[in-house]
Amino acid sequence: MGQKASAGAIGGVFSPACTKNFSTIMKGEKLIMSIDQGTTSSRALLINKNLEVVGVHQESHSQVTENPGWVSHNPMEIYKNVEKCIYEVMNKHSIDKSQIQAVGITNQRETTVAWDKNTGEPLHDAIVWLDKRNEKIVEDLISTHGVDSFRQTTGLPIATYFSATKMRWMLDNSTEVKKAEDEGRLCFGTIDSWLTYCLTGGEKYLTDATNASRTMLMDLETLSWNKGMLEIFDIKQECLPQIIPESSADFGIISQSDFSGVPITGIIGDQQSACLGHTLKKGEIKSTYGTGCFILMNSGTKPIHSKNGLLTTVMYKLSEDSPTNYALEGASECGGVTIEWAKNNLGLFKDFQEFDHLLSSVEDSGGVYFVPAFSGLFSPYWRNDVRGTILGMSLHTHRGHILKALTDSIFIRCSEIIKAMEQDCEGAIEIQKVMVDGGVTKNSGLMQTQADLLDKTVVTKKEQEITAIGAGIAAGLKVGMWENSSSGDFPITIPDAQKFTPSISNAKRAEITEKWSDAIDRSLGWA
Ligand SMILES: Nc1ncnc2c1ncn2[C@@H]1O[C@H](COP(=O)(O)OP(=O)(O)O)[C@@H](O)[C@H]1O
Ligand SMILES: O=P(O)(O)OC[C@H](O)CO
């Protein structure tokens, strides 16, 4: 039987109640609204000209886990939550619609929606990026083509993560979706397309290149649907949205009654949006710790094709006459989800006070190692045959050690991704610091652990909502709220908050890394 898991491992139980003291909003002040539609919740945020978040409303949505490895969302619940967030944030801060210059949308990527062109009704639950129901399709593709055969065209290895295999699964397994395709009324899209379609009353069916680059159907160089990829997946181009190459463009006018007439001028995938929020320069790196953990390096205007298990993706193109910027990305399937799982599924702690207390009760994990392969391992391994594995327990082991092993695993995964980035850059770029954001970075003890395991400086920013700010920048640039400088750089940078520098010995780090590789080897092939 299906199981609703809204309070399960990725249930967003810790969705932050907003405790921030906001700067005052002046009467009639011009603002940008950013909509951040994430894996566990949706937010609407108000951003002023100084790039300060001056208001936010957040709503969590259900995580449906009908079978092991399956994760889906209800597209209508997500849209209704977004509408509610817009209404509540405007109401809470007594904002008049005329103050909102534009809306920017940033979203969980890859998650795939199918809906009816005529009625706008969803034809299936949204299949979430973490979902593995498409494993068989992926295995067959790998055995026919080889895992890396589409890298040159799409920048991606064949994996369950990307949208094309989720679309294929729906076509093969849902009579509703197949019938709609046969009758020419099927719309496939990522969450940005779905929200834009709903907010514009069905007027606009489009996406931007950052989101399209995660489908495995887009050509990384031309930023258009690739005919060869469409043939391989047997997906009709008329079932896909129009790709707008820019993330800062006219994406449509909202028709929803309370907010009608406001233009949508920003669309950008959430991890690329965080790069914009951090104003990442060439060679710089950001790591966002939300449900998963995503590390992106600005690799400039030429894509770097990874030889070490990373992804190549569009970072953004901001105007018709600006070049496309690319990123090298390491995607880790485990971030806050591991913390939520420890609380909700294992009952290791009840709140963050107890979480901190437990972690400070131990020096280290006491020889316990955890491989957080709830959905297999993404970058740099791309293995489906691994499941969560815990090793090294003795009668000495207690809750603190296990929690330490679980949280360490998040940061070891990130460290190995950054090592792979250094290898891909072949010495051309020296990584000294990593800019961080996302829910997990609220915990300074954990950020210290990241600096220790990485052997690099980790920097947090004064504003936490970096992802939402990125979409706000994209939207605001289009309507003249800000202008890029003549060098193409964005004129405002969010100040640093805290810097964490490595504090453990090289010998200790080497010991942890060695034991970790051993743990990985032992976990491979389980599933
Ligand atoms: N004080 C904290 N310490 C550690 N982790 C935290 C803390 N507060 C929130 N989190 C984690 O942050 C994650 C949510 O981050 P967020 O950026 O909102 O995620 P998403 O965008 O994926 O929905 C949750 O998984 C939660 O466990
Ligand atoms: O919702 P987040 O912040 O975990 O981000 C999800 C990613 O976009 C998946 O690729």
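## Polar contacts of ligand 1

In this predicted model, a polar atom in the side chain of Glu-340 is placed 2.9 Å from an oxygen atom of ligand 1. The protein buries 87% of the 590 Å² that ligand 1 exposes when taken alone.

Two further side chains make contacts of this kind. Arg-43 brings a polar side-chain atom to 3.0 Å from an oxygen atom of the ligand. For Thr-40, the distance between an N or O atom of the side chain and an oxygen atom of ligand 1 is 2.5 Å.

## The shell around the ligand

There are 15 residues around ligand 1, and those that come nearest are Thr-40, Arg-43, Thr-291, Glu-340 and Gly-439. By class, the shell holds seven polar, five nonpolar and three charged residues.

Helix α10, which spans residues 336-344, contributes three residues to this shell, the most of any element. Glu-340, with its polar side-chain atom 2.9 Å from a ligand oxygen, falls in the residue range 336-344 of helix α10.

## Aromatic pairs

A pair of aromatic rings is described by two values, the distance of the centres and the angle of the planes. The model has 21 aromatic pairs. In one of them, Phe-349 and Phe-352, the ring centres are 6.4 Å apart and the planes meet at 40 degrees, so the pair counts as tilted. Phe-349 has a relative accessible area of 3% and is therefore buried, whereas Phe-352, at 36%, is partly exposed.

Phe-378 and Trp-382 make a stacked pair, because their planes are at 20 degrees, under the 30 degrees that sets the limit for stacking; their ring centres lie 5.5 Å apart. Phe-378 is buried, with a relative accessible area of 3%. Trp-382 has 15% relative accessibility and also counts as buried, because the cut-off is 20%.

## Aromatic cluster and charges over rings

Phe-378 and Trp-382 belong to one aromatic cluster, together with Trp-129, Tyr-161, Phe-162 and Phe-294. Phe-294 in this cluster also has a charge over its ring: the charged end of Arg-109 sits there, 5.3 Å from the ring centre.

Arg-133 lies over the face of Trp-169, and the distance to the ring centre is 4.9 Å.

How values were computed
Residues are numbered from 1 along each chain as its sequence is written. Chains are lettered from A and ligands numbered from 1 in the order in which they are written. This is a predicted model: local features need pLDDT of at least 70, side-chain atom pairs count only at pLDDT 80 or more; totals for chains, interfaces and linings use all residues. Side-chain values use heavy atoms; hydrogens and water are left out. A residue is near a molecule or strand if one of its heavy atoms lies within 4 Å of it. A polar contact is a pair of N or O atoms within 3.5 Å; within protein, one must be able to donate a hydrogen and the other to accept it, and residues adjacent in sequence count only if both atoms are side-chain atoms. Accessible areas come from the Shrake-Rupley method with a 1.4 Å probe; for residues, only the protein chains shown count as cover. Helices (H or I, at least four residues) and strands (E, at least two) are DSSP runs, numbered from the N terminus. Ala, Val, Leu, Ile, Met, Phe, Trp, Tyr, Cys and Pro count as nonpolar, Asp, Glu, Lys and Arg as charged, and the others, Gly among them, as polar. Rings of Phe, Tyr and Trp (its six-membered ring) pair if their centres lie within 6.5 Å; planes under 30 degrees apart count as stacked, over 60 as edge-to-face and the rest as tilted. Buried means under 20% relative accessible area, exposed over 50%, partly exposed in between (1.4 Å probe, protein chains only). A charge sits over a ring if NZ of Lys or CZ of Arg is within 6 Å of the ring centre and within 35 degrees of the ring normal.
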